[in-house]
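Please keep the coordinates open while reading.

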Amino acid sequence: MSEFVMAARLDEIPDPGQLLVEVDDQLVVLFHVDGQVYCLDDVCTHDGGPLGEGVLSDHAISCPRHGAKFDIRSGAALTMPATEATRRHQVKTEDGLVYVRIFGEDNAVTDANESHEASAFGTAGESLRGDSAATGNAEIDRPRSSIVPIEEPAAVAGVVTEDRVMDQLRNVVDPELFVNIVDLGLVYVIGLSDGDEGKTNVTVDMTMTSPACPAGPQLIADSRSRIGQLDGIGNVEIRIVMDPPWTPDRMTDEARDQLGIF
Ligand code: FES
């Protein structure tokens with residue numbers, strides 16, 4: 001089991017704020033909020049982003065790469081695209097000094113009375129204290145980002161309805177998560193109106209899993225292309241709205257199954 005190691009002086013860490021330090025040859029981030037200090041790996045479980053460079057807001061740190069948020073008290077992933085907790089380490093402060101004990105496979109198990117699993121979208125408020133231990137080793141076995149090509153558009157005959165537009169949008173897959181945007185709960189409103197020459201204009205209000213979602217342009221282009229496959233389509237307008245913001249509870253059970261979230 002690793003020992004506590006002096007990691008920083010408390011007055012080196014702004015409150016609120018964070019400080020990147022090295023402990024036992026590992027980069028970890030110390031967070032200081034309301035006089036409490038917490039410690040997480042400097043690793044976003046989505047794709048390895050540096051959490052120490054993220055924006056701290058209350059008890060949440062946003063990954064600077066794609067915007068996933070983690071609870072600094074538990075390491076739990078709070079928002080997409082991260083679904084796995086990042087590892088939390090034990091912290092204590094004495095005489096103005098901050099000590100960290102790195103948690104690995106060994107002591108995460110033996111210290112079970114102080115630990116809990118920081119699950120994906122975990123309830124951060126449960127028995128979470130900055131000076132307590134936690135597991136939550138971040139094994140990343142999910143697919144990494146990649147481009148999902150869509151097929152060449154082919155006309156789909158029939159009267160344009162909201163249901164048929166929604167069905168087309170089920171073919172649009174988030175390249176980060178490999179789940180279609182309807183099951184992810186990204187599609188908010190579909191509007192139909194009369195267009196020129198008897199055609200039907202379509203507007204779609206949809207959101208992203210985070211404001212900084214890098215897949216946004218691709219999802220918009222794919223959505224427009226898929227809707228354009230319907231016979232009798234006029235103008236297609238895709239509007240990105242961030243209010244209300246997307247939350248994981250908008251996902252269908254199918255999406256949860258695909259992502260391994262229970
Ligand atoms: S690497 Fe952190 S959200 Fe993608």
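Thr203 stands opposite Glu237 in β12. Their setting is a predicted model, where local features need pLDDT of at least 70, side-chain atom pairs count only at pLDDT 80 or more, and totals for chains, interfaces and linings use all residues. Residues are numbered from 1 along each chain as its sequence is written.

**Sheet**
- β11 and β12 pair in the parallel sense over 6 bridges. Two strands pair if DSSP finds at least two bridges between them.
- The open sheet has 3 strands in the order β10-β11-β12, with mixed pairing.
- β10 and β12 (233-240) are the edge strands, and each pairs on one side only.
- From one strand to the next, the twist averages 15 degrees.
- Strands (E, at least two residues) and helices (H or I, at least four) are DSSP runs, numbered from the N terminus.

**Helices on the sheet**
- α2 lies across β10 and β11 and runs at about 130 degrees to β10.
- α3 lies across β11 and β12, at about 155 degrees to β12.
- Angles run from 0 to 180 degrees between N-to-C directions; axes are lines fitted to C-alpha atoms, for helices over the stretch in contact. Contact means C-beta atoms, placed from the backbone, within 7 Å.

**Buried face of α2**
- In α2 (residues 162-169), the buried residues are Val165, Gln168 and Leu169. They fall within an arc of 100 degrees seen down the helix axis, so they line one face of α2.
- The arc is that of the directions from the helix axis to the C-beta atoms.
- Buried means 20 or more other C-beta atoms within 10 Å of the residue's own, with C-beta atoms placed from the backbone.
- Their cover includes β10 (187-194), β11 (200-206) and α3 (216-228).

Technical notes. A residue is buried if 20 or more other C-beta atoms lie within 10 Å of its own, exposed if 12 or fewer, and partly exposed in between; C-beta atoms are placed from the backbone. Two residues are in contact if their C-beta atoms, placed from the backbone, lie within 7 Å.
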